[in-house]
Amino acid sequence: MDITPKTTSTKGPSGLFTGDVYFDVIAKGDAPSRLRVNIVRFAPCARTAWHTHAAGQTLHVTDGVGLVQARGGEVKVVRQGDTIYTPPGEWHWHGAAREHFMSHLAMWETTGAADGSETTWGELVTDEEYAYPG
């Protein structure tokens with residue numbers, strides 16, 4: 001058994017996130033496991049930029065109400081207990097709903113690339129894209 005002390009929470013950089021987003025690394029994807037896991041906390045209206053993962057990504061909402069969208073799809077509301085899978089190469093974003101905080105576990109398989117190319121980041125999600133009925 002190996003117990004890893006909690007790492008310091010990191011604020012997501014403004015070039016990749018809109019609003020206040022913080023994450024804690026739970027599993028780094030170091031060999032022999034390639035599983036990367038972060039707990040990500042979003043303040044109301046905070047969200048990721050458009051992005052894609054080379055090996056896909058699974059999100060599990062642990063608290064609050066959030067929004068997710070695949071490029072070209074509708075904005076969907078997600079709640080505590082919901083699990084979302086984004087397949088490899090699918091452009092998407094996720095974040096908190098307008099009047100709610102939201103936390104989720106973000107889980108993805110690392111590719112082993114040292115340059116971080118397993119995640120490709122795009123443009124920030126506009127307020128118009130973020131808008132949803134309700």
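Begin with the aromatic rings, where the count comes to two aromatic pairs, a pair being rings of Phe, Tyr and Trp (its six-membered ring) with centres within 6.5 Å. Select Trp 93 and Tyr 130, whose rings form a tilted pair, 5.9 Å centre to centre with 45° between the planes; planes under 30 degrees apart would count as stacked, over 60 as edge-to-face and the rest as tilted. Because Trp 93 lies in strand S10 (residues 92-96) and Tyr 130 in helix H1 (residues 127-130), the pair ties together parts 37 residues apart in sequence. Trp 93 and Tyr 130 are both buried, that is, under 20% relative accessible area with a 1.4 Å probe, protein chains only.

This is a predicted model, in which local features need pLDDT of at least 70 and side-chain atom pairs count only at pLDDT 80 or more, while totals for chains, interfaces and linings use all residues. Residues are numbered from 1 along each chain as its sequence is written, and side-chain values use heavy atoms, with hydrogens and water left out.

Next, select Val 21, Val 40 and Phe 42, the residues with the most contacts inside the largest nonpolar core, which has 15 residues; such a core is a set of buried Ala, Val, Leu, Ile, Met, Phe, Trp, Tyr and Cys residues joined through side-chain atoms within 4.5 Å. Strands S3, S4 (35-42), S7 (57-70) and S11 (102-109) each supply at least two residues of this core. Apart from it lies another core of eight residues, including Trp 50 and Leu 67.

Technical notes
Buried < 20%, exposed > 50% of the residue type's maximum accessible area, 1.4 Å probe, protein only. Helix = DSSP H or I, 4+ residues; strand = E, 2+ residues; numbered from the N terminus.
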